Amino acid sequence: MRVIGIDPGSRVTGYGIIDYQNGSVSYCGSGCIRTGEGPIAPRLKVIYGGVSELVSQFSPVCMAIEETFLSKNVQSTVKLSEARASAMVAGANLGLEVFEYTPQQIKQSVVGYGWADKEQVQYMVKTILRLNGQPQADAADALACAICHAFTYTVTSRMGQNVAERYSVHGRLRGKA
């Protein structure tokens, strides 16, 4: 199973592609889509086009994306949400199922601690994927998101449940009533 992970941002959107097979993950590629400065609409177009190109190039079967966190700066939160939506629509238009995870879920899955800092995430991504060098921070976050999905897929598969049945569209564990 090939997964594309996305760490959305209105200026820099990180991406990471991994393969997951028989309980192990391997690195396929990573980097950043840089939109630069200026009005938001052209930047969203760059994100959409970049994600569309990556999906066409790498042929992932699904997308894992980080949920928006609430910032004290409302404008930043809105722009982040718009960047996230642009990436999600690009994936959905190309037939990908999109899975969402909170930053805490991603960090817990990769580092073992939901409040880990960026350096810890980078280190663990490098270790898990056996990379020679440390990935750039946004790319590492995107790879961590993809790894989180692969690990979540493993756990839910072992529990005899489909990932989509186990997780809501927001990536949160569904509770039992």
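A residue is called buried when its relative accessible area is under 20%, exposed when it is over 50%, and partly exposed in between, using a 1.4 Å probe and protein chains only. By that criterion, buried residues make up 46% of the 177 residues in the protein. The model is a predicted one, in which local features need pLDDT of at least 70 and side-chain atom pairs count only at pLDDT 80 or more, while totals for chains, interfaces and linings use all residues. Residues are numbered from 1 along each chain as its sequence is written, and side-chain values use heavy atoms, with hydrogens and water left out.

**The fold**

Begin with a cartoon view, where helices (H or I, at least four residues) and strands (E, at least two) are DSSP runs numbered from the N terminus. The protein has six helices and five strands, and along the sequence they follow the pattern β-β-β-α-β-α-β-α-α-α-α. Taking contact to mean heavy atoms within 4.5 Å, 58% of the contacts between residues at least 6 apart in sequence join residues at least 24 apart.

**The nonpolar cores**

Next, select Ile18, Val25, Val125, Leu129 and Ile147, which touch the most other members of the largest nonpolar core, a group of 22 residues. Such a core is a set of buried Ala, Val, Leu, Ile, Met, Phe, Trp, Tyr and Cys residues joined through side-chain atoms within 4.5 Å. At least two of its residues come from each of strand S2 (12–21), S4, strand S5 (97–101), helix H3 (103–110), helix H4 (118–128) and helix H5 (137–158), and H5 gives the most, with seven residues. A second, separate core of 18 residues includes Ile4, Tyr15, Phe58 and Ile65.

**Helix H2**

Now select residues 74–93, which form helix H2.

Move to glutamate 66 in strand S4 (residues 62–66). Lys and Arg count as positive and Asp and Glu as negative, with His and the chain ends not counted, and a salt bridge is a side-chain nitrogen of Lys or Arg within 4 Å of a carboxyl oxygen of Asp or Glu. Glutamate 66 is buried yet has no salt bridge, the nearest side chain of opposite charge being that of lysine 118, 6.7 Å away. Leaving aside residues up to four places away in sequence, glutamate 66 touches several residues, including Arg84, Tyr101 and Cys145.

Cysteine 145 is itself buried, with a relative accessible area of 0%. With a disulfide defined as a pair of cysteine sulfur atoms within 2.5 Å, the structure holds zero disulfides; the cysteine sulfur nearest to that of cysteine 145 belongs to cysteine 148 and is 6.3 Å away.

Technical notes
Expected span 1.5 Å × (residues − 1).
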